[in-house]
Every structure is written in structure tokens, then in C-alpha cells.
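Subject: Structure for you to look at

Hello,

Here is the structure I said I would pass on. Please open it alongside this email; my notes follow below.

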Amino acid sequence: PTRRSSDLINWAAMPGHAYQVVWADALGATWSNVPGALTSAGPLQIFLSCTDAPPPAATQRFYRVKLLP
């Protein structure tokens, strides 16, 4: 099977709020920040996205989006 070179993460956002995307290779593992995935929604933005490039050896990766205070 061919491994894709990157994963695109999209989510619905609340305007004026900041988000951090995190990843883990297993659900019970420690979550780490996706580099460059600290984003803020502008006044008219209702969707945000970021891209992650997992290493070729990664067979699966889980993501979650955290709403920041």
C-alpha cells in the first residue's frame, strides 16, 4: 500500500477562538502538538484546517482539536 505524504485535518471553528491540534499514534499514548497547528479563527471564519506529515513508518495516527482558553 502507498502511504500518503500528509494528513489534512479540518474542523468547524468558532470565530475569535484559538485551537491547538494534537496527535498520538495510539489512543492511550501521550498527545503531542502538531507543529505549526496553533490557529485562531478570524471574525468570519467558521472552518479551519492544518496539515501534518507523519513519518513513513507510522501506520496510524489519531488527532484531536483542543479549544484554547
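The largest nonpolar core has 11 residues: Ile-9, Trp-11, Ala-13, Tyr-19, Val-21, Trp-23, Val-34, Ala-37, Ala-41, Leu-48 and Cys-50. Two or more of these residues come from each of strand 1 (7-12), strand 2, strand 3 and strand 4 (47-52). Strand 2 gives the largest share, 3 residues. Please keep in mind that this is a predicted model.

Of its 7 residues (18-24), 6 are buried, so the strand is largely enclosed by the rest of the structure. "Buried" here means under 20% relative accessible area.

Which strands pair with strand 2? Strand 3 (residues 32-40) pairs with strand 2 in the antiparallel sense, over 5 bridges. Ala-18 stands opposite Ser-40 of strand 3. Strand 5 (residues 62-67) also pairs with strand 2 in the antiparallel sense, over 6 bridges. In strand 5, Arg-64 is the bridge partner of Val-22.

Val-21 is one of the core residues. Leaving aside residues up to four places away in sequence, Val-21 touches Trp-11, Ser-32, Asn-33, Val-34, Ala-37, Cys-50, Tyr-63, Arg-64 and Val-65.

Now the protein as a whole. The protein has 5 strands and 0 helices. Its C-alpha atoms fill a box of roughly 40 × 25 × 15 Å along the principal axes. Of its 69 residues, 30% count as buried. The protein exposes about 4,700 Å², and carbon and sulfur atoms supply 61% of that area. Among contacts between residues at least 6 apart in sequence, 69% join residues at least 24 apart.

Regards

Methods
Residues numbered from 1 in each chain as written. Predicted model: local features only at pLDDT ≥ 70, side-chain atom pairs only at ≥ 80, totals over all residues. Heavy atoms only, no water. Buried < 20%, exposed > 50% of the residue type's maximum accessible area, 1.4 Å probe, protein only. Helix = DSSP H or I, 4+ residues; strand = E, 2+ residues; numbered from the N terminus. Pairing = 2+ DSSP bridges. Core = buried A, V, L, I, M, F, W, Y, C linked by side-chain atoms within 4.5 Å. Contact = heavy atoms within 4.5 Å. Areas by Shrake-Rupley, 256 points an atom, 1.4 Å probe, with all protein chains shown as cover.
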